[in-house]
Amino acid sequence: WYQRRVDSYSTSKMARLQVCVLLFACLCFVAPVCSESPTPPSFPPQFRAKLKARIAGSNEPVLGFLHYDYPNRRTREDYYLLDGSGTKLFSSLKKYNEYRHYMVFYKSKMTPRSCAIVPVDGDLPPPDFIPSHFPSGPIQAFVVVGTSNVTCSKWTFEYGDDTLEYCETPDTKRPVYLEWFHGRAKKASSRYDVIAFQEFSPEPVLFDEQIVSEVPCTPLG
């Protein structure tokens, strides 16, 4: 059963998830953004976030943990089934200074199946990446998050052929969600609800591939 569930998450879906979550995390930390001051600032250079993610093409949400460390050009992401079982699906460790991306796949609870090394894709978004993509300002919106009604400031902007919507509370500037509409037709979307976020200085061991994976990591192909 675990094998069937894990295999449903293809490498391409995980790659899409990583790009989306990184962009969402950047948005999560532009705390001073508000309707009175529509120019968003940079987000912290080091932070961690807990997210509930629903990816286009999958009906089942996943639980994600992201660690972002821009000064040292590295990120770590861990994904779990959101069913209370604690089943870990996938871990991603990117070291941009080394041009290496470690991908760890799991077949059962906390048991690594394999660890592959591929060249890191692109550059790590810097702390001032997000402001260049914002429009002139947000609008007020009334949205439903889980079972709660939330009033938020909603920002809409274009990213390539895609359209993104980002919501934050107008008073505390707390991130609410990001929804990513894929392609010009906007027939499919991915949504990321923020559960918790915190600025912090990570310990180096957090980005040690030998800690992330219990099996040796080898180059793919």
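Two strands count as paired if DSSP finds at least two bridges between them, and strands (E, at least two residues) and helices (H or I, at least four) are DSSP runs numbered from the N terminus. Here, Lys50 stands opposite Phe65 in β2. Keep in mind that this is a predicted model, where local features need pLDDT of at least 70, side-chain atom pairs count only at pLDDT 80 or more, and totals for chains, interfaces and linings use all residues. Numbering runs from 1 along each chain as its sequence is written, and side-chain values use heavy atoms, with hydrogens and water left out.

**Confidence**
- The chain's mean pLDDT (the predictor's confidence in each residue, from 0 to 100) is 76, with 69% of residues at 70 or more.
- Residues 1–11 stay under 50, and the model gives them 25 contacts (heavy atoms within 4.5 Å) beyond four places in sequence.
- Residues 28–39 are also below 50 in pLDDT, with 35 contacts beyond near neighbours in sequence.

**Strand pairing around β1**
- β1 (residues 46–54) runs antiparallel to β2 (residues 62–69), with 8 bridges between them.
- β1 also pairs antiparallel with β11 (residues 188–199), again through 8 bridges.
- On that β11 side, Leu51 has Val194 as its bridge partner.

**The disulfide**
- There's 1 disulfide (cysteine sulfur atoms within 2.5 Å) in the structure.
- Cys115 and Cys217 form it, with their sulfurs 1.9 Å apart.
- The S-S torsion is about 85°, so this disulfide is right-handed.
- It ties together distant parts of the chain, 102 residues apart: Cys115 sits in β6 (residues 111–119), Cys217 in the loop between α3 (209–212) and β12 (218–219).
- Cys217, at 22%, counts as partly exposed.

Conventions. Buried < 20%, exposed > 50% of the residue type's maximum accessible area, 1.4 Å probe, protein only.
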